[in-house]
Amino acid sequence: MTAPLADPAHEGLTRLWREQRPPGPLFPHELKTVYAHRWVRFHSLPESKRYAQDEAEYAVILDRYNTVLDELFAGDEVYVVTTGRSEVSEHTDRSVERRAFHPEGTLWTTVDDTYDPDPLFHLRWYFYADRRRLRRGCLDRLLRAVADDVLSGVFVTDPGLTRMYHPYDGGADVVLPTRQERDRMRERHTDWLSAHPTGH
């Protein structure tokens with residue numbers, strides 16, 4: 001079985017990733033570590049509650065997601081990136097949920113995670129991207145799946161990879177171009193910050 005081919009439309013994104021590595025990450029959860037000096041985390045619900053229990057709480061979650069996305073990208077072109085995975089030997093992404101919530105995404109790149117000494121835990125990660133103009137609410141279906149932990153490994157970035165947004169179940173990690181811009185955004189949304197000293 002042969003590996004799928006990456007979409008040539010994403011060559012520019014691939015080139016930028018390579019220019020920023022090392023240490024530029026490819027796994028969204030690494031953003032907070034690699035870009036710690038210009039990273040901030042916002043929680044999705046008051047008192048750092050992780051999951052919504054009713055539509056009113058979903059409305060709060062989506063409003064917080066969209067408010068920050070608007071501040072980062074309103075009306076701009078962005079890449080929306082989702083991930084899937086399989087065993088390294090399979091060459092087939094089995095992530096049905098990813099295809100359901102991000103059908104516009106075409107294969108950008110693959111990354112093999114073989115750090116575990118046991119080959120049974122070696123994984124191939126598939127990264128899918130689409131480029132679109134961001135409008136408030138255009139990602140709500142995807143974001144709600146993230147909030148419910150149905151989908152993970154999602155991020156949104158400008159074409160220059162200077163602003164990045166990684167939503168997860170419970171909040172979102174944001175990377176700004178400079179520490180000063182990070183601080184201004186953090187000050188605008190102090191009620192959404194974690195009470196933990198590290199900001200996690």
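How many bridges join strand 5 to strand 6, and in which sense do the two strands run? Two bridges join them, and strand 5 and strand 6 run antiparallel. Strands here are DSSP runs of E with at least two residues, while helices are runs of H or I with at least four residues, and both are numbered from the N terminus. Two strands pair if DSSP finds at least two bridges between them.

Before going on, a word about the model. This is a predicted model, in which local features need pLDDT of at least 70 and side-chain atom pairs count only at pLDDT 80 or more, while totals for chains, interfaces and linings use all residues. Residues are numbered from 1 along each chain as its sequence is written, and side-chain values use heavy atoms, with hydrogens and water left out.

**How the strands line up**

Let's follow the pairing along the strands. Strand 2 (77-87) pairs with strand 4 (residues 123-133) in the antiparallel sense, over 11 bridges. Within that pair, T82 has Y128 of strand 4 as its bridge partner. Strand 2 also pairs with strand 5 (residues 155-157), again antiparallel, over three bridges, and here Y79 stands opposite T157. T157 has a bridge partner in strand 6 too, namely M164. M164 in turn has V175 of strand 7 as its bridge partner, and strand 6 and strand 7 pair in the antiparallel sense over five bridges.

Two of the turns are worth a look. The hairpin of strand 5 and strand 6 has six residues between the strands, and L161 takes a positive phi near 60 degrees there. In the hairpin of strand 6 and strand 7, two residues lie between the strands, and G170 takes a positive phi near 125 degrees.

Buried means under 20% relative accessible area, exposed means over 50%, and partly exposed is in between (1.4 Å probe, protein chains only). Eight of the 11 residues of strand 2 are buried, so strand 2 is largely enclosed by the rest of the structure. Strand 6 is mostly covered, with five of its five residues buried. On one side of strand 6 sit M164, H166 and Y168, on the other Y165 and P167, and all of these are buried.

For a contrast, take L5, which is found in the segment before helix 1 (11-19). L5 is exposed, with a relative accessible area of 76%. The C-alpha atoms of L5 and L72 are separated by 31 Å, and the two residues are 67 residues apart along the chain.

**The nonpolar cores**

A nonpolar core is a set of buried Ala, Val, Leu, Ile, Met, Phe, Trp, Tyr and Cys residues joined through side-chain atoms within 4.5 Å. The largest one has 30 residues, and Y65, Y165 and V174 touch the most other members. Strand 1, helix 3, strand 2, helix 5 (140-147) and strand 7 each supply at least two residues of this core, and helix 3 gives the most, with eight residues. Apart from this core lies another, of 16 residues, among them L31, W108, W125 and V175.

Leaving out residues up to four places away in sequence, V174 touches R38, W39, V40, F42, V68, L72, M164, Y165 and M185, where contact means heavy atoms within 4.5 Å.

**The empty spaces**

Rolling a probe the size of a water molecule over the atoms shows where empty space is left. On a 1 Å grid over the protein atoms alone, a cavity is a set of points where a 1.4 Å probe fits but cannot get out, and a pocket is an open set with protein on both sides within 12 Å along at least five of seven lines; lining residues have an atom within 4 Å of a point. Grid points are joined across faces, edges and corners, and a volume is the space filled by probe spheres set on the points.

| Space | Volume | Largest share of the lining |
|---|---|---|
| Largest pocket | about 380 Å³ | strand 2, three residues |
| Largest cavity | about 60 Å³ | helix 3, three residues |

The largest pocket is lined by 20 residues, and T83, W125, L151, S152 and G153 lie nearest its centre. The structure holds one cavity of 30 Å³ or more. Among the residues that line the largest cavity are F42, Y65, V68, Y165 and W192.
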